[in-house]
Amino acid sequence: VQLQASGGGLVQAGGSLRLSCKASGRIFSIDVMGWYRQGPGKQRELVARFTYDGTITYADSAKGRFTISRDNAKNTEYLQMNSLKPEDTAVYYCNMRLKVSLYAAFSDYWGQGTQVTVSS
């Protein structure tokens, strides 16, 4: 299983970006889809997350500005980021907790990270 993230880039403060993350390979079911980020000199932190029952969790810093969504048929998740701020600058990682067969355990998979840079 591989997760391929895309959509990062350089944007001015107040601008928008949309990140995408597609999972490929043998996938039986996906339990959790989420986005994390790691800013310079900081630990990786949760930005937004979907659980299997549709519950969505946002970091306080993302509420009202970011929207997580998914396309189950395409095993793809998205993160729409609006009103971006310089403090949103980070490498963004997608994450999926999934299993590859009925009897397999759920495991965490990570994308390669995509850089988001917000200039002031």
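What share of the 120 residues of the protein chain counts as buried? The share is 39%, where buried stands for under 20% relative accessible area, exposed for over 50% and partly exposed for what lies in between, with a 1.4 Å probe and protein chains only. The structure is a predicted model, in which local features need pLDDT of at least 70 and side-chain atom pairs count only at pLDDT 80 or more, while totals for chains, interfaces and linings use all residues. Residues are numbered from 1 along each chain as its sequence is written, and side-chain values use heavy atoms, with hydrogens and water left out.

**View 1. The protein chain has eleven strands and zero helices.** Strands (E, at least two residues) and helices (H or I, at least four residues) are DSSP runs numbered from the N terminus. The radius of gyration of the protein chain, 14 Å, is close to the 14 Å that the globule rule gives for 120 residues, so the chain is as compact as a globular protein of that length; the radius is taken over C-alpha atoms, and the rule is 2.2 Å times the number of residues to the power 0.38. Along its principal axes, the C-alpha trace spans about 50 × 25 × 25 Å.

**View 2. Asp88 lies in the loop between β8 (76–81) and β9 (90–99).** Asp88 counts as buried because its relative accessibility is 1%. Its side chain reaches the backbone nitrogen of Lys85 at 2.8 Å, a polar contact (N or O atoms within 3.5 Å; within protein, one must be able to donate a hydrogen and the other to accept it, and residues adjacent in sequence count only if both atoms are side-chain atoms). When neighbours within four places in sequence are left aside, Asp88 is in contact with Arg37, Arg65, Phe66, Ser83, Val116 and Val118, contact being heavy atoms within 4.5 Å.

**View 3. Ala59 is placed in the loop between β6 (56–58) and β7 (66–71).** With a relative accessibility of 16%, Ala59 counts as buried. Ala59 and Val47, twelve residues apart in sequence, are separated by 5.1 Å in space from C-alpha to C-alpha. Apart from neighbours within four places in sequence, Ala59 is in contact with Leu46 and Val47.

**View 4. Arg18 lies over the face of Tyr78, and its distance from the ring centre is 4.0 Å.** A charge sits over a ring if NZ of Lys or CZ of Arg is within 6 Å of the ring centre and within 35 degrees of the ring normal. Arg44 lies over the face of Tyr93, at 3.8 Å from the ring centre.
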